[in-house]
Amino acid sequence: MRNASIPGTHGRVRPLTLLGNPVLHTPCEEVTDFGPELARLVDDLFATMYAAQGVGLAANQVGESLRVFVYDCPDDEEVRHLGHVVNPRLVEADGVVIRGPEGCLSLPGLEAGTERYDHAVVEGFTMNGEPVTIHGTGFFARCLQHECDHLEGKVYADRVGGWRRRRLMRQVARAAWRR
């Protein structure tokens, strides 16, 4: 029997912030108030992530410039990781560098081969202010690095170079959501 509510069931789906909005390229602010507004934001992030069929979502992707993200993401062994982090810090990103397809809810329908480490550790807090450490491998490590990048004002397109970047930027320019 589940003792807690399912994440996102009490949240509202918010509009996604798309590439081109300055909030995606501005470092987010630290959370200082761990009250009911933060809990509502976390619920809204889960609801929005699920509605958009994503595996992670940062607060600035719904227009809130705060250091918060949620995730519901498998690793390479199909183990599900579910949670949220407030004021996260990427304290380790190491192991093998793997170039894999990466997409983003703020660049809907697009993806590009992006290099990420296959191991990551993030430290932060829960919405109740309790310390938390999250270890990720494989695809989940990619997710953790991706969401931490968002909170630093970066999107995965900023990590793509050369012909991959040129191709991605041409796709962005032609994307229906850019009009």
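In this predicted model, strands E4 and E5 form a hairpin with 5 residues between them. Within the turn of that hairpin, glycine 129 has a positive phi of about 85 degrees.

**The hairpin and its sheet**

- The strands E4 and E5 run antiparallel and are joined by 7 bridges.
- Isoleucine 98 has arginine 116, in E4, as its bridge partner.
- In total, 5 strands form an open sheet with antiparallel pairing, and their order is E1-E2-E3-E4-E5.
- The edges of the sheet are strand E1 (56–58) and strand E5 (131–137); each has a single partner strand, so one side of each is left without a neighbour in the sheet.
- From one strand to the next, the twist averages 30 degrees.

**Helix H2, packed on the sheet**

- Helix H2, which comprises residues 138–151, packs on the sheet and touches E1, strand E2 (68–74), E3, E4 and E5.
- The direction of H2 makes about 80 degrees with that of E4.
- From its first C-alpha to its last, H2 reaches 21 Å, which is close to the 20 Å expected for its 14 residues at 1.5 Å a residue.
- H2 is mostly covered, as 13 of its 14 residues are buried.
- Just after H2 comes glycine 153, which takes a positive phi of about 85 degrees.

- Is glutamine 145 buried or exposed? Its relative accessible area is 5%, and because buried means under 20%, glutamine 145 is buried.
- Glutamine 145 is located in helix H2.
- Leaving aside residues up to four places away in sequence, glutamine 145 touches Leu90, Ala93, Arg116, Tyr117, His119 and Ala120.
- Among these contacts is Arg116, the residue that is the bridge partner of isoleucine 98.

**Helix H3 and its two sides**

- Helix H3 spans residues 162–174, a run of 13 residues.
- Its reach from first C-alpha to last is 19 Å, close to the 18 Å expected at 1.5 Å a residue.
- Which residues of H3 are buried? They are Arg164, Leu168 and Val172.
- The strands against which the buried residues of H3 pack are E3 and E4.

**Serine 106, in a loop**

- Where does serine 106 lie? It is in the loop between strand E3 (80–103) and strand E4 (111–125).
- Serine 106 has 0% relative accessibility and therefore counts as buried.
- Apart from residues up to four places away in sequence, serine 106 touches Thr17, Leu18, Leu19, Leu24, Gln61 and Trp177.
- A polar atom of the serine 106 side chain lies 2.6 Å from the backbone oxygen of threonine 17.
- Serine 106 and glutamate 123 are 17 residues apart in sequence, and their C-alpha atoms are 24 Å apart in space.

Notes
Residues numbered from 1 in each chain as written. Predicted model: local features only at pLDDT ≥ 70, side-chain atom pairs only at ≥ 80, totals over all residues. Heavy atoms only, no water. Helix = DSSP H or I, 4+ residues; strand = E, 2+ residues; numbered from the N terminus. Buried < 20%, exposed > 50% of the residue type's maximum accessible area, 1.4 Å probe, protein only. Contact = heavy atoms within 4.5 Å. Polar contact = N/O pair within 3.5 Å; in protein donor to acceptor, adjacent residues only side chain to side chain. Expected span 1.5 Å × (residues − 1). Pairing = 2+ DSSP bridges. Axes fitted to C-alpha atoms, helices over the stretch in contact; angles between N-to-C directions.
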